[in-house]
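Here is my note on the model, point by point. Please read it with the structure open.

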Amino acid sequence: MIHDLTRRSFVKTTGVMLTTSPLMAAERAVPATSPRAIRKAVKLGMVSDGTTVAEKFQLLRDLGYDGVEVSRPSSLPISALIEARDQTGLPIHGVVNSQHWGQPLSHPDAAVRDAGRTALEQALRDCKTLGGSTVLLVPAVVNKEISYFDAYTRSQTEIRRVLPLAEELGVRIALENVWNNFLLSPMEAARYVDEFESSWIGWYFDVGNIVAYGWPEQWVRILGSRIIKLDAKEYSRTKQNEEGRWRGFDVKLLDGDCDWSAVMTALDEIGFAGWMTAELSGGDRTWLADVAARMDRIIAIDAAKERTAP
């Protein structure tokens, strides 16, 4: 019965499927020098310096990033990414599906959904080729023309058609929480994933995207082991109130209203390990160095206290 459901039992009963995934265990293999088992990365599109892809990869490696995430499908030849990866030794940990906004899986036109599904399949194949482990997917869009119910059912239908390919390739589909008017509570987000009954789908949790209407640490505890990877982003409620909703993102990591100490505590509680990728405005070497330093501070928040606690 619903009134007997505690947070602990909810996470335990609905999250066990993902905690036992072999790929989840592989994601947790990280350098022992890290204060937490978390590796930092950026989206390749954030890197403004460098003429070639290899130069951009080398810059990230020089600044101490552990990896990078790229968008696919793309006009950028996949061979250029492979060459840059092999030349610099910087891993490509995942792929962002580049077509999920333009060709959403919730669209009323079947042809658009087919195109969106085809793009997702290509992103999965490219991710496998690049050595990544996840494809980030915005699962659906709700608006005046696309009802919430239709978005839910259409997107699940399309994703179910792709899951066998994800399993075949060994690449997981990671759903991101974005401002798409869909899956607006952590309970519903958990339910949406669990209904697939597959360990090849989970959450790419964007910390900053929640701050405008909730508290990220609460989402972390409810989503639990469904969280595969993290996007690091900041948000200012003050800027939101004074300058407009989208201006809330115009703030550096640690300078907004995200309670990173509470978020990291919640991540420790669920045993998260793996990738945290910055998703911010682009910049040059100086900007990226500052982002790296701020990510290091976030990853290390209260870590010493956690290690010395009885």
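1. Terms first. Axes are lines fitted to C-alpha atoms, for helices over the stretch in contact, and angles run from 0 to 180 degrees between N-to-C directions. Helices (H or I, at least four residues) and strands (E, at least two) are DSSP runs, numbered from the N terminus. The axes of helix H6 (residues 148-169) and H7 come within 11 Å and cross at roughly 35°.

2. Source and limits. This is a predicted model: local features need pLDDT of at least 70, side-chain atom pairs count only at pLDDT 80 or more, and totals for chains, interfaces and linings use all residues. Residues are numbered from 1 along each chain as its sequence is written, and side-chain values use heavy atoms, with hydrogens and water left out.

3. H6 against H7. Contact means heavy atoms within 4.5 Å. From H6, Tyr148, Tyr152, Ser155, Gln156 and Ile159 meet Glu188, Arg191 and Tyr192 of H7. By class, this contact of H6 with H7 has 4 nonpolar, 2 polar and 2 charged residues. Here Ala, Val, Leu, Ile, Met, Phe, Trp, Tyr, Cys and Pro count as nonpolar, Asp, Glu, Lys and Arg as charged, and the others, Gly among them, as polar.

4. H7 against H9. The axes of H7 (residues 186-194) and H9 (residues 216-223) come within 9 Å and cross at roughly 30°. That makes H7 roughly parallel to H9 (angles under 35 degrees count as roughly parallel, over 145 as roughly antiparallel, 65 to 115 as roughly perpendicular and the rest as oblique). Pro186, Met187, Ala189 and Ala190 in H7 meet Trp219, Ile222 and Leu223 in H9. The class count for H7 with H9 is 7 nonpolar, no polar and no charged residues.

5. H5 against H6. The axes of H5 (residues 110-130) and H6 come within 10 Å, crossing at roughly 25°. H5 is therefore roughly parallel to H6. On the H5 side, the contact includes Arg113, Asp114, Arg117 and Glu121; on the H6 side, it includes Arg154, Glu158 and Arg161. By class, the contact of H5 with H6 has 6 nonpolar, no polar and 9 charged residues.

6. The largest pocket. What lines it? There are 33 lining residues, and Asn209, Lys233, Glu279, Leu280 and Ser281 lie nearest the centre of the pocket. Strand S2 (67-72), strand S3 (92-97) and helix H12 (285-300) are the elements that give two or more residues to the lining. H12 gives the most, with 4 residues. The lining divides into 16 nonpolar, 7 polar and 10 charged residues. On a 1 Å grid over the protein atoms alone, a pocket is an open set of points where a 1.4 Å probe fits, with protein on both sides within 12 Å along at least five of seven lines; lining residues have an atom within 4 Å of a point.

7. Backbone points to check. A cis peptide bond joins Arg72 and Pro73, with omega about -5°. Pro73 lies in the loop between S2 and helix H4 (78-88). Asn181 has a phi near 60°, a positive value in a residue other than glycine. Asn181 sits in the loop between strand S5 (172-176) and H7. Most residues other than glycine have a negative phi, and most peptide bonds are trans.
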